[in-house]
Amino acid sequence: MILDGKGLAARRLELLKEDIIEGGLTPTLATVLVGDDPASHMYVRMKHRACEQVGISSVNISLPEDTTTNTMLDRIHQLNEDSDIDGILVQLPLPASIDTQAVLSAIRPEKDVDGFHPLNMGRLVTGLEGPRPCTPKGIMTLLQEYHIPIAGKRAVVVGRSVDVGRPIALLLLHAHATVTICHSKTEDLPSITKQADILVSAAGKAGIITRDMVKPGVTVIDVGTNQVNGKLCGDVAFSEVEPVAGAITPVPGGVGPMTIASLMENTVNSARNRCGPFM
Ligand SMILES: NC(=O)C1=CN([C@@H]2O[C@H](COP(=O)(O)OP(=O)(O)OC[C@H]3O[C@@H](n4cnc5c(N)ncnc54)[C@H](OP(=O)(O)O)[C@@H]3O)[C@@H](O)[C@H]2O)C=CC1
Ligand SMILES: Nc1nc(=O)c2c([nH]1)NC[C@@H]1CN(c3ccc(C(=O)N[C@@H](CCC(=O)O)C(=O)O)cc3)C=[N+]21
């Protein structure tokens, strides 16, 4: 079975559009984009297009590659103070000269639609309500929509980044999976991935998950977005893994659109909570 993230995301955006109208909400998202990496520009454009589609106002702040951490902090501060702005997204990665953690920590937690602020990360660890990182949130929505059993199952996450690997491992743990996190120092990766009932690959390495590394019937979530000869492909060797998998996300059309739908949901939640913080 193919897990159709593109279709599900489109349905979620339609529902969100109705929620915005019914709630009389006027959500506004601000994106901050530094430098001229074409992929980052494309992703930010996609986010603004989704905003337009659901009725979220959006503004983009583009800054040059040589922007300093202090200038970034000033801009974040202005957005924090601007009562018209509900959500702030700083497109990652930032140039190496900018202190990413300092920037993410400067965003008011109530406006942190990526869920990357340390306070919101703490809420994620403890299981308190709060904005969840968009890609992991989108993956959980996809698993729930397709009624993939999680409780008691073995989940293996390949990748331990702060934005994807760690938070998806925690969300799966909260849903009562038995979770293993793998990374570049993991020894004998195939022996671990073969145990997975749910395998999430967020390594950013085209084709690292092959047929011999998975158990028949596994649910495969492919987060990877890799450019190979000008073509977008995931971490999973799709054509050989798909026949043995019970369910699998395609790239494109899987996790990516769900990430954007989650961002829209987090922005609307911020607008709903405008009068008070997340509880
Ligand atoms: N579709 C979407 O919505 C999104 C897609 N992405 C994509 O997902 C991928 C991962 O993103 P992100 O988490 O930010 O990337 P990072 O580069 O920050 O993290 C990659 C992780 O994978 C691990 N890793 C790398 N190579 C291997 C290997 N051969 N075996 C085992 N583990 C390995 C690294 O280990 P170590 O820690 O030891 O270095 C690291 O923990 C990228 O392709 C990115 O473009 C990201 C966000 C959203
Ligand atoms: N602060 C921050 N938050 C993010 O959420 C964030 C980020 N920075 N930096 C980069 C990554 C990457 N990311 C994607 C979003 C959508 C698609 C997506 O929709 N992809 C389409 C394909 C697009 C195409 O055709 O190339 C798909 O998979 O179907 C992919 C990747 C969000 N990220």
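This is a predicted model: local features need pLDDT of at least 70, side-chain atom pairs count only at pLDDT 80 or more; totals for chains, interfaces and linings use all residues.
**Domains.** I began with the division of the chain. Domain 1 covers residues 25-113, and domain 2 covers 134-256. I then took the distance between their centres over C-alpha atoms, which is 28 Å.

**Record.** I consulted UniProt, where an unreviewed entry places the feature "domain: Tetrahydrofolate dehydrogenase/cyclohydrolase catalytic" at residues 3-114. For that stretch, 3-114, I noted 49% helix and 16% strand. Its end C-alpha atoms lie 23 Å apart.

**Ligand 1.** I listed the surroundings of ligand 1 and found 26 residues, the closest being Gly159, Ser161, Ser184, Gly204 and Thr259. I sorted this shell by class: 13 residues are polar, nine nonpolar and four charged. Helix H10, residues 255-272, gives the most to the shell, with three residues.

**Ligand 2.** I repeated the search for ligand 2, which 18 residues surround. Leu92, Cys134, Pro252, Gly256 and Thr259 are the closest. By class, I recorded eleven nonpolar residues, six polar and one charged. At least two residues of the shell come from each of helix H2 (38-54), strand E3 (87-90), helix H6 (134-145) and H10. H10 gives the most here, with four residues.

Helix H10 gives the most to the shell around ligand 1 and to the shell around ligand 2.

How values were computed:
Residues are numbered from 1 along each chain as its sequence is written. Chains are lettered from A and ligands numbered from 1 in the order in which they are written. Domain bounds come from an automatic or database domain assignment. A residue is near a molecule or strand if its C-beta atom, placed from the backbone, lies within 6 Å of it. Ala, Val, Leu, Ile, Met, Phe, Trp, Tyr, Cys and Pro count as nonpolar, Asp, Glu, Lys and Arg as charged, and the others, Gly among them, as polar. UniProt positions are given in the numbering used here, feature names are shortened, and annotations may be inferred rather than shown by experiment.
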